[in-house]
Amino acid sequence: MLKPEHLRTLREVVQLGSFAAAANRLGYTSSAVSQQMAALERKMGVKLFDRSAHSVLPTSAAEVLARHAETVLMDIERMVATVQAVHRNSGGQIHLGIFPSFADVLAGVLRRMEPQDRAGIKVSVAESSQLIPRLGAGGEMDAAIVYQVGNSGLSWPSALGRHWIAEDRYKIVHPRDWLDLEPYRVEQLVDLPWIMHHPGSSDASFFDSVFARWNLRPRVACYSDDFKITLTMVEAGIGAALVTDLALRGHGRDVVVADVPWLNTSRSIFSLVRPERETASLHSLLDALAV
């Protein structure tokens, strides 16, 4: 079996042109480099250097071996880095990103965990589009729970693993003191004030298309991207809104929630995972988060 340190030394000798220069680069003595190259020649069964009193010249065999050694050493470095990354995370150390309205689900799971397991979990809360860049090369997060509304512009690196979490349906929510709107026909909603997402966001663009499908031009009374704030505004009588099942969990608001069949709109929730950070602990957490 060839030793990686011999291949590394060979690469330096061929690149730098002398045993002395390679020894200086690697922190060896010239004698140690000479001994390593002699051992490599014996192992390979070929002559790697033409030696003279004042120089050593690599043979064609040495140059070919050095090129292959470069590939082998890079593979070894990647292997070591991957194993070390897995080791760092195998002890339950997990950095997870979630979007804001998923916080209640995560909190419920964390409450059921043992304290020592819960202590190993770090959480970042941000919008999906802000979480994904932190999963890329050099990013600090292991996985993120994100959502996509329709075919919105959310994108992520193809190297990330994608695992389904839930389908989160939208409901119509309106103030309780409004007149009875049942059976919630489209024409009843035309003149109502609405609370909408800020223009330009992927959610806002999608909802514009949903309303346009039914020839609705909602009168916007308030803009909000935070469902908790939206529910507060609905309760205050500002307007109606589209809010997901997930955001309505345990809301405790004095509002009316209507599941309208013709709306038939939802957002997909899924996890994105860095492959080199996948561990049994992370998979267990993601399984527990499936709603």
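Ser101 counts as buried, because its relative accessibility of 17% falls under the 20% cut-off. The model that shows this is predicted. The residue sits in the loop that links β3 (94-98) to α5 (103-111), and its side chain forms a polar contact with that of Arg267.

**Surroundings of Ser101**
- The polar contact between the side chains of Ser101 and Arg267 has a length of 2.9 Å.
- Leaving aside residues up to four places away in sequence, Ser101 touches Phe227, Leu246, Ala247 and Arg267.

**Fold and dimensions**
- The C-alpha trace of the protein chain spans about 100 × 45 × 25 Å along its principal axes.

**Packing and contacts**
- Buried residues account for 43% of the 291 in the protein chain.
- Among contacts in the protein chain with a separation of 6 or more, 72% are between residues 24 or more positions apart.

**Surface and charge**
- The protein chain has an accessible surface of about 15,500 Å², and carbon and sulfur atoms contribute 53% of this area.
- Its charged side chains number 30 positive and 32 negative, with the centres of the two sets 8 Å apart.

Note on methods: Residues are numbered from 1 along each chain as its sequence is written. This is a predicted model: local features need pLDDT of at least 70, side-chain atom pairs count only at pLDDT 80 or more; totals for chains, interfaces and linings use all residues. Side-chain values use heavy atoms; hydrogens and water are left out. Buried means under 20% relative accessible area, exposed over 50%, partly exposed in between (1.4 Å probe, protein chains only). Contact means heavy atoms within 4.5 Å. Accessible areas come from the Shrake-Rupley method with a 1.4 Å probe; for residues, only the protein chains shown count as cover. Lys and Arg count as positive and Asp and Glu as negative; His and the chain ends are not counted. The place of a charge is taken as NZ of Lys, CZ of Arg, CG of Asp or CD of Glu. Helices (H or I, at least four residues) and strands (E, at least two) are DSSP runs, numbered from the N terminus. A polar contact is a pair of N or O atoms within 3.5 Å; within protein, one must be able to donate a hydrogen and the other to accept it, and residues adjacent in sequence count only if both atoms are side-chain atoms.
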